[in-house]
Amino acid sequence: MSTSTNAPPPDYRVLAVDMSNIVIRFPGVLANDHVNLTLKQGEIHALLGENGAGKSTLMNVLSGLYKQTSGTIKVYGEKVDFNSPRDAIAKGIGMVHQHFMLVPTQTATENILLGLKEPRFFLNLSRYDKAIRELQEQFGLYVDTASKVWQLSVGEQQRVEILKTLYRGANILILDEPTAVLAPQEIDELMNTMRALVAQGKSIIFISHKLHEVEQVADRVTVLRKGVVTAEGIPMGNMTKKDLAQLMVGRDVVFAVKKEVREPGPVVLSIKNVSATNNKGVAALRGVSLDVRAGEIVGVAGVAGNGQSELAEVITGMRECTGSITVNGVEVANKPPRISIGHGVSHVPEDRTHVGSAPNMTITENVIMKAYREEPIGNRWSVNYPLAHDNAEELKEQYDVLAPSVDTMARKLSGGNLQKVILAREISAEPRLMVAVQPTRGLDVGAIEAIQTLLLAQRDAGTAILLVSEELEELMALSDRIAVIYDGVIQGIVDPEHTGVSEIGLLMTGQVSKEGG
Amino acid sequence: MAFKLQVEKRSADPPRWLPAATSIGAVVIAFIISGIILTIIGGDPIRVFSFFYEAAFGSWAALSDTLVKATPLILVGLACTVAFRMKLWNIGAEGQFYIGAFFASLVVLLPIVPAGSSRWVTIGTMIVFGMIGGALWGFIPGFLKARYRVNEIITTLMLNYIAILWNNYWIFSKWSDAGFQMTPVFDKAAWLPRLADYAREFAFFSGMTLHFGFVIALIVTVIVWWILSRSKWGFEIKLIGDNPEAARYSGINIARNIVLVMMFSGALAGLAGMSEITGVVHRLQERISPGYGFTGIIIAWLAKLNPFAVVLVSILFGGLIVAGREIQPSGLAQLIQGIILFMVISSEFLLRYRVSFFGRNEAETPATPSTPEAETA
Ligand SMILES: Nc1ncnc2c1ncn2[C@@H]1O[C@H](COP(=O)(O)OP(=O)(O)OP(=O)(O)O)[C@@H](O)[C@H]1O
Ligand SMILES: [Mg+2]
């Protein structure tokens with residue numbers, strides 16, 4: 001078994017990957033149209049593009065998951081033809097998908113070894129632990145490898161994924177939106193890992209919608225727009241965020257949305273002394289109290305895993321808790337989700353594929369997932385599908401969802417476009433209270449701007465919004481107040497106008513706490 | 001030869017026509033294989049199959065017999081379809097069939113409607129009782145799964161044996177007809193009308209055994225289609241089947257639906273049992289089902305869970321059963337059925353994997369994702 005120690009040294013003259021004239025066609029969709037992409041050995045190459053531009057598809061071809069319709073791929077000068085990810089890894093190409101493919105009930109070590117010819121049985125794993133530890137030290141990828149995967153944080157799971165590809169001897173790594181699920185300091189750690197990897201001769205293709213990250217780590221950038229390359233391997237040198245955004249969406253993007261000052265109305269959501277446990281049975285919320293008023297956006301800031309996911313879940317009836325939660329005076333705590341939905345609560349869930357959508361149902365069906373019960377979509381017994389179809393078409397237009405039609409199944413959508421479908425459903429319900437967890441995760445810059453504008457419009461129309469986000473910038477731009485949560489306790493509620501990022505950062509790490517709010 | 005056989009995992013979306021094509025292909029190939037076996041054992045497959053066709057569909061009388069056999073198959077096929085749509089693996093249609101037959105019999109054996117009631121009162125009550133019986137037999141595994149997460153495959157399978165033994169107990173003891181393993185023949189009021197009953201008016205119908213149960217099965221088919229594809233309940237069933245977590249998030253009560261769908265599935269199988277005793281044997285007896293409940297599973301699968309396709313497949317299987325009675329060796333029909341089942345199961349492989357043959361140098365391949373797990377993000 002080859003481990004990664006035999007990587008060739010960095011050398012920009014060598015082309016690790018040379019994809020030329022790649023065409024990828026799905027029924028009704030030309031996902032990639034004569035795309036060229038070169039990856040130099042030892043570089044970090046950013047792959048940018050709008051939602052549905054064809055980035056993931058192109059990388060799925062390079063990693064052997066899909067097959068191109070036409071075009072050639074060379075790896076270290078040798079023409080290759082992959083029929084499976086196994087073939088690609090044999091040529092040193094490994095991909096870390098945005099949604100991980102680990103087995104939750106097995107340990108990190110077992111996951112790393114899973115599917116390899118050797119070991120046949122999981123006996124004597126300590127022998128392999130040594131090799132894995134060496135890799136960890138080499139690249140700063142620390143994880144407790146004896147833990148079961150479900151006990152690991154998302155950032156740690158990602159490290160396991162990277163270790164897994166490295167252990168298989170990958171010299172070329174593809175990271176598909178790796179930072180979308182990470183907390184800010186985890187992102188910094190990942191960036192350091194990436195730098196360590198290229199310093200030792202690995203080459204990396206990095207997909208991200210966060211342009212400042214691209215600015216920080218990328219050496220060159222390739223931009224796709226609607227399946228066509230609009231910038232081919234341009235050195236990052238003097239490129240700015242603005243230039244990149246322009247290349248991606250073909251227009252200037254306003255990075256700061258405007259928020260009008262507004263006097264909030266009566267209390268809509270009232271949380272009193274709520275406690276709950278997480279999936280592992282450990283306390284996740286400890287006596288949380290918080291009010292959200294009509295026409296107000298309350299942001300929830302915190303490092304991932306400090307209770308914000310659980311907070312959203314107890315409000316929407318997805319998780320049990322103690323204490324009291326009322327929406328417009330009606331108790332919703334420990335009631336099934338049906339009750340909160342009935343009282344006008346919308347929920348953009350954190351996990352868009354496992355919770356927020358049904359993969360084998362159409363866009364139309366995903367849009368009516370909650371509205372099917374009530375007039376006008378739902379009649380007494382039946383669903384008015386023609387009307388649902390028309391509504392879905394309008395929303396597809398309005399939310400700029402890229403898909404051949406509203407009859408397209410959800411699983412065929414790109415990550416960002418699926419997120420748009422979920423947002424369309426939840427915002428168009430005209431809720432009284434909206435619980436939005438990472439609503440702009442996976443969206444491109446243009447779409448983020450559009451969604452943030454829509455959220456503000458909702459607020460101005462009198463909706464109470466609880467916004468959970470790991471993007472401090474987003475929270476600062478949208479929130480009227482920010483509640484900072486640490487270890488299940490609200491450390492303080494601050495006014496974003498008069499509070500600095502560093503102060504919020506201190507609250508987020510539990511180093512100080514602030515009274516009142 | 002420089003040819004290579006290659007098997008790849010295919011994208012999650014095979015072409016639209018492929019599922020139907022594999023079902024039809026499975027049947028065709030099953031006949032071809034049976035033909036080959038016949039040739040090997042010294043038979044003449046063409047003659048055998050044309051005889052088969054004659055026996056099953058060759059005349060109005062034959063067709064009538066075939067449709068009689070198809071009737072219970074349609075109902076149990078629908079029963080499985082409804083449950084499978086929600087990924088609820090009800091393999092207890094056989095038991096639900098027996099309990100449905102038992103409950104329907106109670107109407108005349110206890111009796112529940114006074115002797116001498118009109119035909120439609122009797123039949124109507126039997127329909128209701130048959131469905132209640134089946135629903136009850138579906139309720140038990142549904143409740144156990146919803147409440148205690150007991151695996152429904154095991155409970156439904158076990159309940160089959162209980163149902164059959166329960167039936168046997170009563171026909172061997174209390175309601176035995178002169179010691180035989182059957183109840184006395186029901187009063188005529190409990191017989192579903194047959195075509196032959198109208199032979200006096202229409203001489204053409206004489207001897208035809210096709211009974212009203214077939215019409216009931218067709219009406220139920222349309223109702224099931226409407227429920228699955230047009231109703232709110234059908235939407236919930238589909239959503240739970242596709243992603244239970246998303247269903248929960250949408251405010252759907254999953255536990256309640258598990259119980260309801262199991263009961264509905266059971267009720268349809270129970271109706272099949274009712275139709276069989278009132279339309280064919282006119283008494284409760286041993287072995288009223290030669291495994292219809294299990295054949296229903298194959299039918300639902302072959303019909304790709306489409307209610308109208310269930311009718312077509314059931315007629316084909318009904319024809320096989322009828323023809324199988326007329327031919328020696330008598331196991332031939334079962335052989336073909338077995339091969340069809342085998343083919344259906346292997347055709348599932350074709351839906352999930354792409355098989356291609358190509359020469360050494362050939363590289364041309366269509367843009368087909370090679371696995372469904374590909375996560376676009
Ligand atoms: N299996 C598939 N079948 C049909 N169409 C597909 C399939 N996979 C992707 N597509 C389509 O191909 C196009 C490109 O999708 P892709 O996932 O590559 O976009 P992306 O650039 O990764 O976008 P995002 O930033 O939203 O993740 C989209 O229009 C998508 O709907
Ligand atoms: Mg993508």
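User: How accessible is Glu189(A)?
Analyst: Glu189(A) counts as partly exposed, at 40% relative accessibility. That label sits between buried, under 20% relative accessible area, and exposed, over 50%, with a 1.4 Å probe and only protein chains considered. The areas come from the Shrake-Rupley method, again with a 1.4 Å probe, and for residues only the protein chains shown count as cover.

User: Before we go on, what kind of model is this?
Analyst: It's predicted: local features need pLDDT of at least 70, side-chain atom pairs count only at pLDDT 80 or more, totals for chains, interfaces and linings use all residues, and side-chain values use heavy atoms, with hydrogens and water left out. As for labels, residues are numbered from 1 along each chain as its sequence is written, while chains are lettered from A and ligands numbered from 1 in the order in which they are written.

User: Is Arg159(A) buried or exposed?
Analyst: Buried, with a relative accessible area of 17%.

User: What about chain B?
Analyst: Asp197(B) forms a salt bridge with Arg119(B), with the closest N and O atoms 3.9 Å apart. That one links distant parts of the chain, 78 residues apart: Asp197(B) is in the loop between α6 (152-172) and α7 (213-230) of chain B, and Arg119(B) is in helix α5 (residues 119-148) of chain B.

User: Which residues are linked in a network of salt bridges?
Analyst: Arg262(A), Arg459(A), Asp460(A) and Asp480(A).

User: Switching topic: strands! What's going on with β13(A)?
Analyst: Strand β13 (residues 297-301) of chain A is mostly covered, with five of its five residues buried. Ile297(A), Gly299(A) and Ala301(A) are buried on one side, and Val298(A) and Val300(A) on the other.

User: Why two sides?
Analyst: Because side chains in a regular strand alternate between the two faces of the sheet.

User: Which strands does β13(A) pair with?
Analyst: In the parallel sense, β13(A) pairs over four bridges with strand β18 (residues 464-468) of chain A, and over four bridges with strand β19 (residues 481-486) of chain A. Two strands pair if DSSP finds at least two bridges between them. Val300(A) has Val468(A) as its bridge partner in β18(A), while Ala301(A) has Val484(A) in β19(A).

User: What order do the strands have in the open sheet?
Analyst: The four strands run β12-β11-β14-β15 (chain A), with antiparallel pairing. β12 (283-293) and β15 (330-331) of chain A are the edge strands, each pairing on one side only.

User: Last one: which residues make the nonpolar surface patch?
Analyst: Ile24(B), Val28(B), Ile32(B), Ile36(B), Ile37(B), Ile40(B), Ile41(B) and Leu335(B), covering about 750 Å². Patches are made of residues with over 30% relative accessible area and no salt bridge; like charges are joined within 9 Å, and nonpolar side chains (Val, Leu, Ile, Met, Phe, Trp, Tyr) within 5 Å. Helix α1 (residues 18-40) of chain B gives the largest share, six residues. Ile32(B) lies in that helix and counts as partly exposed at 48% relative accessibility.

Definitions and conventions
Helix = DSSP H or I, 4+ residues; strand = E, 2+ residues; numbered from the N terminus. Salt bridge = Lys/Arg side-chain N within 4 Å of Asp/Glu carboxyl O.
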